[in-house]
Amino acid sequence: MNFFRWLFSVRRRHRAGIRRYEKGGAGVRVLTLFFMLLFCGIAIGLELWSFSAGKENLLVGILVFILAVIFCIAAAEFCLIYAVTAIRMFVWGVADKAAYREQQRRLAETAAAGGMGAEGAGEAQAPKTHRAFDMLLFLLGLVLAIGIVIAFLVVALTLL
């Protein structure tokens with residue numbers, strides 16, 4: 001029963017990966033992009049292999065095609081999950097940066113009103129965000145999630 005809960009729960013399957021993405025830096029984002037592209041490539045490769053294997057043995061071709069369909073769905077889900085995570089991290093990065101700027105503006109006003117120089121106003125460091133990379137991953141993840149399904153259907157219809 002726990003297997004079916006895990007199978008049909010996106011949150012349970014991707015929880016650790018999403019946490020790793022949220023806490024990680026640029027390396028985790030590059031690795032996520034690499035896996036997105038890898039999974040999409042494997043799905044299309046399995047589909048092409050299923051048609052070539054189907055010419056020799058129809059049963060093997062059908063089984064590999066079913067595996068390719070499952071892998072295509074998994075790749076699309078993976079890309080979509082991390083695209084949503086990336087846009088969420090982008091929005092949080094923008095909010096963090098805006099909050100930091102507002103805090104710095106208020107500290108500068110307080111320092112100016114209290115007679116302190118600008119040196120005493122800026123103690124906090126700017127938050128480290130990967131907003132541009134998150135937006136890139138969102139766009140690429142969305143394109144790959146939709147594109148893998150379209151590419152899968154085009155290849156299947158072309159090779160039939």
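Trainee: I would like to start with pockets. What is the general idea behind finding one?

Mentor: Rolling a probe the size of a water molecule over the atoms shows where empty space is left. In this predicted model, let us take the second largest pocket, which has a volume of about 210 Å³.

Trainee: Which residues line the second largest pocket?

Mentor: The lining consists of Val-10, Arg-11, Arg-15, Ile-18, Arg-19, Glu-22, Ile-81, Val-84, Thr-85 and Arg-88. Two elements give two or more residues to this lining: helix H2, covering 10–23, and helix H4, covering 58–114.

Trainee: Which element gives the most to the lining of the second largest pocket?

Mentor: That is H2, with 6 residues.

Trainee: And how do the residues of this lining divide into nonpolar, polar and charged?

Mentor: There are 4 nonpolar residues, 1 polar residue and 5 charged ones in the lining of the second largest pocket. Keep two of the lining residues in mind, Glu-22 and Arg-88, as they come back in the next topic.

Trainee: Then let us turn to salt bridges. What should I look for?

Mentor: Side chains of opposite charge can pair when their charged atoms come close. For this structure the count comes to 7 salt bridges. One of the pairs is Glu-22 with Arg-88, whose closest N and O atoms are 1.8 Å apart.

Trainee: Why does the pair of Glu-22 and Arg-88 tie together parts that are apart in sequence?

Mentor: Look at where each partner sits: Glu-22 belongs to helix H2 and Arg-88 to helix H4, so the pair ties together parts that are 66 residues apart in sequence.

Trainee: How do I read the accessibility of Glu-22?

Mentor: The relative accessibility of Glu-22 is 21%, so this residue counts as partly exposed. Arg-88 also has a percentage to read: at 36%, Arg-88 counts as partly exposed.

Trainee: Which residues are linked in a network of salt bridges?

Mentor: Glu-102, Arg-105, Arg-106 and Glu-109 are linked in this way. Take the pairs in turn. Arg-106 bridges to Glu-102, with 3.1 Å between the closest N and O atoms. Glu-109 bridges to Arg-105, and there the closest N and O atoms are 2.4 Å apart.

Trainee: How many residues apart are Arg-106 and Glu-102 in helix H4?

Mentor: They are 4 residues apart, about one turn of the helix. Glu-109 and Arg-105 are likewise 4 residues apart in helix H4, so about one helical turn separates them.

Trainee: Is Arg-106 buried or exposed?

Mentor: Arg-106 counts as exposed because its relative accessibility is 52%, the cut-off for exposed being over 50%.

Trainee: My last topic is the span of a helix. In which helix is Val-28 found?

Mentor: Val-28 is found in helix H3, residues 26–56. Val-28 counts as partly exposed, because its relative accessibility is 23%.

Trainee: How far apart are the C-alpha atoms of Ala-53 and Phe-34?

Mentor: A distance of 28 Å separates those C-alpha atoms, and the two residues are 19 residues apart along the chain. Ala-53 also has its place in helix H3, and with 12% relative accessibility Ala-53 counts as buried.

Methods:
Residues numbered from 1 in each chain as written. Predicted model: local features only at pLDDT ≥ 70, side-chain atom pairs only at ≥ 80, totals over all residues. Heavy atoms only, no water. 1 Å grid on protein atoms, 1.4 Å probe; cavity = no way out; pocket = protein on both sides within 12 Å on 5 of 7 lines; lining within 4 Å. Points joined across faces, edges and corners; volume = space filled by probe spheres on them. Nonpolar A, V, L, I, M, F, W, Y, C, P; charged D, E, K, R; others polar. Salt bridge = Lys/Arg side-chain N within 4 Å of Asp/Glu carboxyl O. Buried < 20%, exposed > 50% of the residue type's maximum accessible area, 1.4 Å probe, protein only.
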